[in-house]
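Biologist: I'd like to learn how to read charge pairs and ring pairs in a model. Could you walk me through one?

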Amino acid sequence: MVHFRFHAGVLFYTLIVLFPQLCRGIRSIPTREMNTGAVEVPNGFRFAEAPDYRNGRDCPVSTTDGRSVSTCDPSLVHIAMTLDSEYLRGSIAAVHSVLKHASCPESIFFHFVAAEFDPASPRVLTQLVRSTFPSLNFKVYIFREDTVINLISSSIRQALENPLNYARNYLGDILDRCVDRVIYLDSDIVVVDDIHKLWNTALSGSRVIGAPEYCHANFTQYFTSVFWSDSVMSGTFSSARRKPCYFNTGVMVMDLVRWREGNYKKRIEKWMEVQKKTRIYELGSLPPFLLVFAGHVEPIDHRWNQHGLGGDNVRGSCRSLHPGPVSLLHWSGKGKPWVRLDAKKPCRLDHLWEPYDLYIRSIKGHYYAHNGHQSMGFFTGSSYL
């Protein structure tokens with residue numbers, strides 16, 4: 001593995017919390033006022049203000065300058081993420097990483113979807129985003145849990161039953177109709193390349209989503225024997241025109257025009273209804289996506305989702321990177337880097353997440369930047385530095 005070159009300096013950000021639109025949205029207007037303090041949310045988290053990242057020379061002319069930016073602006077790159085108190089720290093780091101490596105950070109619009117009953121109020125979360133990222137274009141939505149709660153079945157892990165995990169199924173309804181494409185990102189990722197490269201992915205033919213595919217994975221393990229023994233259900237994957245491959249739903253490019261036209265939300269819900277009657281899978285929100293899309297996904301380079309880095313905290317297992325260049329690191333799995341770092345039991349790759357952490361810790365009433373005096377490191381998407 002090539003060595004990493006570490007650069008000193010850490011600037012901290014506070015991120016996000018949101019409200020999905022199956023109700024209403026809260027728009028944040030970029031401001032030039034720099035808040036020198038940190039915002040604290042009810043769970044005790046505090047985050048430092050992020051640097052003011054600016055567009056490069058070849059980017060579209062910025063239209064912010066203290067004014068609201070329309071989500072219908074065709075020059076924008078749209079990113080959707082969920083946010084809740086449990087993953088707040090990860091979400092902040094994810095946004096930080098996107099802005100830090102983007103060639104045109106002012107041209108990115110974030111759509112944050114928050115749980116309806118999150119301990120932190122929508123006003124506090126919106127204020128948190130604004131104070132941490134003063135120049136960020138974003139909109140906050142509240143996701144009504146009753147939209148999906150009756151469709152969720154028990155899973156092998158309780159965390160997978162969180163209704164917010166299913167918010168990605170409803171982005172076509174949540175986001176403004178003029179938003180015709182979006183990148184969906186999980187909260188346990190960091191981007192180490194220019195997000196515009198992923199945005200420019202072409203979805204060929206009638207394909208609705210694009211994602212890195214893994215066609216050598218054991219596809220049978222994602223469904224129960226009941227599913228495979230039923231010729232009608234298992235026949236979903238038997239078409240000669242469809243070669244199902246595994247893909248991780250934590251990183252997807254989504255064509256929302258085709259999504260809405262094809263009513264894919266309803267197609268996913270139908271499989272969730274089948275699951276409620278006859279248990280055909282053990283995982284949470286992933287299998288319904290596989291049933292609808294596996295074999296019909298635009299393959300994207302694996303560099304855009306180096307997933308599985310979470311490993312297993314209980315067993316103490318750590319994962320290594322797949323061979324090749326890296327543009328996005330994904331701590332999917334049970335373990336999260338901030339938990340292991342705080343416990344002083346990090347996996348080796350958790351230190352690649354650390355430079356983007358904007359968390360401020362409290363010691364006897366005083367607040368300290370989590371990485372205040374350490375050397376920070378990062379690497380680009382083309383190769384390690």
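Modeller: We'll start with the ground rules, then go through the overall fold, the salt bridges and the rings. This is a predicted model, so to speak: local features need pLDDT of at least 70, side-chain atom pairs count only at pLDDT 80 or more, and totals for chains, interfaces and linings use all residues. Residues are numbered from 1 along each chain as its sequence is written, and side-chain values use heavy atoms, with hydrogens and water left out.

Biologist: How many helices and strands are there in the protein chain?

Modeller: Helices (H or I, at least four residues) and strands (E, at least two) are DSSP runs, numbered from the N terminus. Here the protein chain has eleven helices and 18 strands.

Biologist: And what share of the residues counts as buried?

Modeller: Buried means under 20% relative accessible area, exposed means over 50%, and partly exposed is in between (1.4 Å probe, protein chains only). Of the 385 residues in the protein chain, 56% count as buried. As for contacts (heavy atoms within 4.5 Å), take those with a separation of 6 or more: residues 24 or more positions apart account for 79% of them.

Biologist: Now the charges. How many salt bridges does the count come to?

Modeller: Side chains of opposite charge can pair when their charged atoms come close. The rule is a side-chain nitrogen of Lys or Arg within 4 Å of a carboxyl oxygen of Asp or Glu. By that rule, you get 17 salt bridges. One of them joins Lys139 and Asp176, at 3.2 Å from N to O. That pair links distant parts of the chain, 37 residues apart: Lys139 is in strand 7 (residues 137-143), and Asp176 is in the loop between helix 3 (171-174) and strand 8 (181-185).

Biologist: Are Lys139 and Asp176 buried or exposed?

Modeller: Lys139 has 11% relative accessibility, so it counts as buried. Asp176 has 16%, so it counts as buried too.

Biologist: Which residue does Glu298 meet in a salt bridge?

Modeller: Glu298 meets Arg207, at 3.2 Å from N to O. Glu298 sits in strand 14 (residues 298-299) and Arg207 in the loop between helix 4 (195-199) and strand 10 (209-211), 91 residues apart. Glu298 counts as buried at 12% relative accessibility, whereas Arg207 is partly exposed at 29%. Another salt bridge is Arg340 with Asp350, at 2.7 Å from N to O. Arg340 is in helix 10 and Asp350 in helix 11, ten residues apart. Arg340 is buried at 5%, and Asp350 is buried at 0%. There's also a network of salt bridges linking Asp52, Arg54 and Glu106.

Biologist: On to the rings. How many aromatic pairs does a search of the whole structure find?

Modeller: Rings of Phe, Tyr and Trp (its six-membered ring) pair if their centres lie within 6.5 Å; planes under 30 degrees apart are stacked, over 60 edge-to-face, and the rest tilted. The search finds 22 aromatic pairs. Among them is Trp338 with Trp353, a tilted pair at 5.5 Å centre to centre and 45° between the planes. Trp338 lies in helix 10 (residues 337-342) and Trp353 in helix 11 (residues 350-353), so the pair ties together parts 15 residues apart in sequence. Both Trp338 and Trp353 are buried.

Biologist: Which residues do ring pairs link into a cluster?

Modeller: Tyr214, Phe219, Tyr222, Phe223, Phe227, Trp228, Phe237 and Tyr246.
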